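Hi,

Here is the structure I promised to send over. Have a look at it first, and then read on for what turned up.

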Amino acid sequence: MVFTVATRTLQYVPALSKLTIEAHKKDVPQLMHLVILSGDGIGPEISAATCEVLELLNRRLSLGLTFESHEIGLARLKSEKTTFPPAVAEACRRADGIVLGPVSHATYPSRAEGGINVSGELRITLDLYANIRPSRSREGLPHWGRTPMDLIIVRENTEGFYADRNMYWGVGEFMPTPDMALAVRKITAASSRRIAQAGFELAKTRRKKVTAVHKANVMKVTDALFLREVRSVAKHFPDIAYEEQLVDSMAALLVRDAARFDVVVTTNMFGDILSDEAAELSGSLGLAGSINAGDTHCMAQAQHGSAPDIAGQDKANPASLILSAGMLLDWLSRKHADTRFAEAAKLIDESLDALLKDESRRTADLGGKLGTKAFTKALSDEIAKRAR
Ligand code: NAD
């Protein structure tokens, strides 16, 4: 198995068959409008770092990126009594891409009191059904799993156990009595099919293996439906090796032998949990980039949360949001058939790899001494050196 990344092609576009590819007209320079929502906790620090890197790439590669920033979350709640004003939602809908910093939604008040989970809201309203979460170990950087890894978790993003967003009306959790609480898990054939399609399309560009993760031995109805659809999609990809794994053994196998996995397709909550595990095993949650992608919109979002324990202390590793922004650029590259964006994404990936090889240029979560700002400067210098 090859773990070098220098010649690797990035490929994070789900369901290429459905994605509207807009032909790039070479004579007309395209402007690509990005909305930046910095979020809560460490969000403002890592979003500022991400903007710094994007602006540098914009200048060096003439990407034609334009930026529009909006405050959301707890800061906005104070001034406007909502974490996510409708005008900001509309700006996201109009944008070519969104960069969302982490949000402290566990501490938000109820929706009726203005506490809208921006992340969940955008995933549902823009139908960002594929949450693409890569985890790979890097040469020279310790990984905590027993084997190196290079895998992508393709997580269904619009249904499952997510009670705040899995219903058309009402919420998927309720209490018939003060001492009884119930949760509803929603699995549909259509959503299972499209996430499977996204996973198989991705596997075609990689090591050609898909693992479906489920708990059909217990969730005999919902996960049986999920598997029925994944198996049916698998039949259209005879060149892709297909296997299934129970979620509990998958958690152990990620520690023991993550090298055997390539693309992992799973439902919403299993994907959420396993991807944090995989990211930490690959080195750190601070390296966990991800995009939420649909057929028309894409949002870059770090896998981790708002880390309130280290907020405002210049301790956060901004790499996951920066990598996520790189994945968004790669998505834009394919959507608009414009290789400049893919080149920019590759520059981020390769510069980060080079930086992380050197112990003196790592952040605290990776055992290093650099703060957020110093790390961003070191990464920018590395990108600038390579973009000459
Ligand atoms: P968390 O991911 O914020 O933090 C878990 C641990 O990892 C903490 O010790 C934190 O300091 C560390 N960590 C996370 N990101 C880091 C980074 N970039 N650099 C260095 N260390 C990092 O999880 P949590 O503490 O359980 O959740 C905090 C808040 O974030 C909650 O309100 C939760 O609901 C929210 N959350 C948001 C998202 C999102 O916006 N996508 C995802 C998960 C959790």
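The ligand has 18 residues around it, and V103, G305, A307, D309 and N317 come nearest; "around" here takes in any residue with a heavy atom within 4 Å of the molecule. Before you go further: this is a predicted model, where local features need pLDDT of at least 70 and side-chain atom pairs count only at pLDDT 80 or more, while totals for chains, interfaces and linings use all residues. Residues are numbered from 1 along each chain as its sequence is written, and side-chain values use heavy atoms, with hydrogens and water left out.

By class, that shell splits into eight nonpolar, eight polar and two charged residues. For the classes, Ala, Val, Leu, Ile, Met, Phe, Trp, Tyr, Cys and Pro are nonpolar, Asp, Glu, Lys and Arg are charged, and the others, Gly among them, are polar.

Which atoms of Q301 and H304 face a nitrogen of the ligand? For Q301, an N or O atom in the side chain sits 3.1 Å from a nitrogen atom of the ligand. For H304, a polar side-chain atom lies 3.1 Å from a ligand nitrogen. A106 takes part through its backbone: a polar atom there is 3.2 Å from an oxygen atom of the ligand. I call a pair of N or O atoms a polar contact when they are within 3.5 Å; within protein, one must be able to donate a hydrogen and the other to accept it, and residues adjacent in sequence count only if both atoms are side-chain atoms. The ligand taken alone exposes 820 Å², and the protein buries 69% of that. Those areas come from the Shrake-Rupley method with a 1.4 Å probe, and for residues only the protein chains shown count as cover.

Now the helices. Helices (H or I, at least four residues) and strands (E, at least two) are DSSP runs, numbered from the N terminus. Buried means under 20% relative accessible area, exposed over 50%, and partly exposed in between (1.4 Å probe, protein chains only).

Helix α6 covers residues 222–234, and its 13 residues should span 18 Å at 1.5 Å a residue; the end C-alpha atoms are 19 Å apart, which agrees. The expected span is 1.5 Å times one less than the number of residues. The arc is that of the directions from the helix axis to the C-beta atoms.

Helix α3 (residues 86–94) has V88, A91 and C92 buried. These cover an arc of only 100 degrees around the axis, which puts them on the same side of α3. On the other side of α3, P86, A87 and R94 are exposed.

In α4, the buried residues are V118, S119, G120, L122 and R123. At the start of α4, a side-chain oxygen of N117 reaches to within 3.1 Å of the backbone nitrogen of S119. Just after α4, D127 has a positive phi of about 50 degrees.

Two other residues with positive phi are worth a look. K208 is not a glycine, yet its phi is positive at about 60 degrees. K208 sits in the loop between α5 (189–204) and β8 (209–214) and is partly exposed at 37% relative accessibility. D314, also a residue other than glycine, has a positive phi near 60 degrees. D314 belongs to the loop between β12 (298–301) and α9 (319–335), and its relative accessible area of 30% makes it partly exposed.

P102, in the loop between β3 (97–100) and α4 (118–125), is buried with a relative accessible area of 4%. R165 is in the loop between β5 (150–156) and β6 (173–177), and is buried at 11%. G368 lies in the loop between α10 (339–356) and α11 (372–386) and counts as buried at 13% relative accessibility. Q245, in strand β9 (residues 241–246), counts as buried at 14%.

Cheers
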